[in-house]
Amino acid sequence: MTEFDILVQGGRIATETGVSESDVGIKGGKIAAVGRELGAAKETIDATGLLVLPGGIDSHVHLAQPSGPGIVMADDFESGTRAAAFGGNTLVMPFCIQEKGKGLRAALTEYHAKADGKCYVDTSFHLVISDPTASVLGQELPAVVADGYTSFKVFMTYEGLKLNDREMLEVLAVARETGALVMVHAENDDAIRFLTERLERVGHTAAYNHTVSRPIPVEREATHRAISLAELLDVPIMIVHVSNGQAMEEIARAQARGLKIYGETCPQYLVLKASDLRGMDLEAAKLVCSPPPRDAESQAACWDGLQRGVFSVFSSDHCPFRYDDERGKRAPRGQESFRYVPNGIPGVETRLPILFSEGVAKGRISLEQFVAYTSTNHARMYGLYPQKGTIAPGSDADIVLWNANRRMRITHEILHDACDYTPYEGLEVTGWPVLTMVRGCVVVRDGELVGERGFGRHLMRDRPPSAEPTGKLVTEFDPAPRRV
Ligand code: URP
Ligand code: ZN
Ligand code: ZN
């Protein structure tokens, strides 16, 4: 009989398909067996009374990202992956940004240099395409997809990042040819700039007005447009950080038409509201992210999208800027308008507890759905399944032990990022991760960091089945056949 390196014994395993009372035998960093009475092991981890879940995968985080002149992202790879591990995550997927005028290879080389030797959990990079020149589209992008960077994000807003519709189509066409999955930030940039200027003209510059400058129609319209562009070429896309029911219903309608349009939502759209920014004055900057949090109706719609399976993944969109810092949320003097507040909020460590508590503990979603939305579907969407995202023989031993009854009050003091606040300060949750294991190595145990900096590896990925075209075209236009 095999002797395992580790036996995780006595727990209840939950995967996307069900829950069972089973042990997990681990050898060489992989899951070797799942069942009872598996045999001897060098080390036993007692999971009695705990849930044994596939490690969290957060496919939408921002770490060490260039964020504009004078602005510095709070988390680098060390602090960001440390916080991720404490939050029950074993893999995070940050964005390697192509800066305008630069190539993709150069961006990847620089970004890898920032990550190498620093990570506590595994990583896999998406790209952001901001400058789709002929050489990027014709040579670099196909080459890096072939290398294993099989997903990229495009922005419909933000100076320096946004693509126009023609550029979006060019990028989508390359995604179709190469088999990569495109993630879309859907907000109408012209409308945002128009509203921003009007607000500033009448002196409405406080941080709360960020939410007024990006109302639901701005997101709904761009979501509809992105879907329409994808439909023209029969290219699957993932609409990221969906904040409300109107955008979610655009996705649901496209899905009902047989299109492969995927959706992602995030904790901020379940538990924060635009009205939370009112009356906070400067501190409202702590909640500035795009799209902004909405209202109770939008929160209910996002839950509905999770319950109905309109969304595929639940990510943090962790994008941390320190609050009490001129390089973060506090705009430099002379720029006292919401438009200068860096967009983004931290959340990589709180994503799982918030969904578990608000979703599973309150009976809104099942434990199996929780596993799918926080782990399995991320692996499936981005070409890592079944290496990641499940507890099954042959998969990486990425496991989180979960105390479903532990009550915690979220406050920044208990978190492990390099930010100086949490948007969820004071939120009471039920359910907390107590052990995080990456490829058979314990990284966090009972609130202590025991893993080694640099243990986390970067993973190249397969072309995801999620990105395969449907084969159904809505026009007579026949896009280039896939070359994969
Ligand atoms: O406000 C946000 N979400 N900032 C992060 C960048 C992005 O658009 O995902
Ligand atoms: Zn975005
Ligand atoms: Zn983001």
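Donors are taken here as N, O and S atoms within 2.8 Å of the metal (3.2 Å for Na, K and Ca), and since water is not among the atoms, sites may look incomplete. With that in hand, the zinc ion (ligand 2) picks up K153 (NZ), H185 (ND1) and H241 (NE2) as its protein donors, lying 2.1 Å from it. Along the chain, these donors follow the pattern K-x31-H-x55-H. This is a predicted model, with local features needing pLDDT of at least 70 and side-chain atom pairs counting only at pLDDT 80 or more, while totals for chains, interfaces and linings use all residues. Residues are numbered from 1 along each chain as its sequence is written, chains are lettered from A and ligands numbered from 1 in the order in which they are written, and side-chain values use heavy atoms, leaving out hydrogens and water.

The zinc ion (ligand 3) sits 4.1 Å from the zinc ion (ligand 2). Its protein donors are H60 (NE2), H62 (NE2) and D317 (OD), at 2.0 Å, and their sequence spacing reads H-x1-H-x254-D. The arrangement around the zinc ion (ligand 3) is tetrahedral because its four donor atoms subtend angles of 91 to 122° (for four donors, the label requires all angles between 85 and 135 degrees).

Turning to ligand 1, 13 residues surround it, the closest being H62, K153, H185, S290 and D317 (a residue counts if one of its heavy atoms lies within 4 Å). By class, this shell has four nonpolar, seven polar and two charged residues (Ala, Val, Leu, Ile, Met, Phe, Trp, Tyr, Cys and Pro are nonpolar, Asp, Glu, Lys and Arg charged, the others, Gly among them, polar).

An oxygen atom of ligand 1 is 2.8 Å from a side-chain N or O atom of H185, and a polar side-chain atom of H60 lies 3.3 Å from an oxygen atom of ligand 1.

How values were computed: A polar contact is a pair of N or O atoms within 3.5 Å; within protein, one must be able to donate a hydrogen and the other to accept it, and residues adjacent in sequence count only if both atoms are side-chain atoms. Four donors count as tetrahedral if all angles lie between 85 and 135 degrees; four count as square planar and six as octahedral if opposite donors are over 155 degrees apart and all others between 65 and 115; anything else is irregular.
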